[in-house]
Amino acid sequence: MLNPRLYKSTRVYDFFLKSLGYERSIHRFLGSVDLQPRDHMQILDAGCGTGMLGLHFLERFPSATLTATDLESRFLTTTLDNARIRQIDPSRIRVGVADISHPSQLVTPDGQLVTLPQNHFHLICVGAVVGYASSTEDSLRELIRMLAPGGTLINLEMNESPTGRFISKRYHYANIALTRMQQILREEGCQVRMTRLSLVHLPAKFTRVAIIATKPPKPTTDN
Ligand SMILES: C[S@@+](CC[C@H](N)C(=O)[O-])C[C@H]1O[C@@H](n2cnc3c(N)ncnc32)[C@H](O)[C@@H]1O
């Protein structure tokens, strides 16, 4: 459950991410993640906040389109504002309100309930959000179902360092152990690796770690 006092002003939150160099360090890290480019990549940024993750990939993959969701519509507005600032064509982005507890259930800005398809997204990025789900485990399993065969989930998760734990506590972020998280993703058939951020990724290194899961490609049938 989101504490309503959190992220009171999305603009102030956005200002701090930028001015502290946090956003820049996240971009530097994401730029180092090896991903196969493909035409018309479908990307989901669930719990997008200011759009830091999803917008990075829209810039990196020029034919990609992004579905950006958050529990708070204010953040969707900030994401669209940030896209405009970065001169990203808004027609490449659709936004909707969704609870990370059921990430496939989206309410569009005109009030329509949409179920996002399974086996669809080539890239799903989440950051410091699955701990807000009523069940982190169910949320992760649903995200993997939405991933296309061969697709990648990048979870820029809160890390288990004293700083990561302090910030998580401060923001009422209740996450499961990172080893358990990896185990769940493996149970879903994914190849999983955990990458710690390095010194060049300061200050994000203080609080985040990357868990990257790749769903197996569709088996090829003979003849
Ligand atoms: C720490 S911010 C992370 C934003 C971004 N993903 C990142 O990596 O920086 C947490 C975001 O999760 C959103 N959030 C909180 N509870 C949520 C929920 N139950 N479902 C979806 N989003 C939620 C907040 O509105 C906020 O935008």
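Predicted model: local features only at pLDDT ≥ 70, side-chain atom pairs only at ≥ 80, totals over all residues.
**View 1. Helices α2 and α3 where they pack against each other.** Helix α2, which covers residues 22-31, and helix α3, which covers residues 52-60, have axes that come within 10 Å and cross at roughly 50 degrees. On the α2 side the contact involves Tyr22, Glu23, Ile26, His27, Leu30 and Gly31, which meet Met52, Leu53, His56, Phe57 and Arg60 on the α3 side. Sorted by class, the residues in this contact of α2 with α3 are six nonpolar, three polar and two charged.

**View 2. Helices α5 and α7 and the residues that join them.** Here helix α5, made of residues 136-146, packs with helix α7, made of residues 178-187, at an angle of about 40 degrees, and their axes are 10 Å apart. The two helices, α5 and α7, are therefore oblique to each other, and their crossing is right-handed. From α5 the contact takes in Thr136, Glu137, Leu140, Arg141 and Ile144, while α7 supplies Arg180, Met181, Ile184, Leu185 and Glu187. The contact of α5 with α7 contains five nonpolar residues, one polar residue and four charged residues.

**View 3. The second largest pocket and its lining.** By class, the lining of the second largest pocket divides into seven nonpolar, six polar and three charged residues.

**View 4. The largest cavity and the residues around it.** The structure holds one cavity of 30 Å³ or more, and about 30 Å³ of space lies in the largest cavity. The residues that line the largest cavity are Leu80, Ala83, Arg84, Ile88, Pro90 and Ile93. Helix α4, which spans residues 73-85, provides the largest share of this lining, namely three residues. In terms of class, the lining of the largest cavity has five nonpolar residues, no polar residues and one charged residue.

How values were computed. Residues numbered from 1 in each chain as written. Heavy atoms only, no water. Axes fitted to C-alpha atoms, helices over the stretch in contact; angles between N-to-C directions. Helix = DSSP H or I, 4+ residues; strand = E, 2+ residues; numbered from the N terminus. Contact = heavy atoms within 4.5 Å. Nonpolar A, V, L, I, M, F, W, Y, C, P; charged D, E, K, R; others polar. Parallel < 35°, antiparallel > 145°, perpendicular 65-115°, else oblique. Left-handed = near helix turned anticlockwise from the far one by under 90°. 1 Å grid on protein atoms, 1.4 Å probe; cavity = no way out; pocket = protein on both sides within 12 Å on 5 of 7 lines; lining within 4 Å. Points joined across faces, edges and corners; volume = space filled by probe spheres on them.
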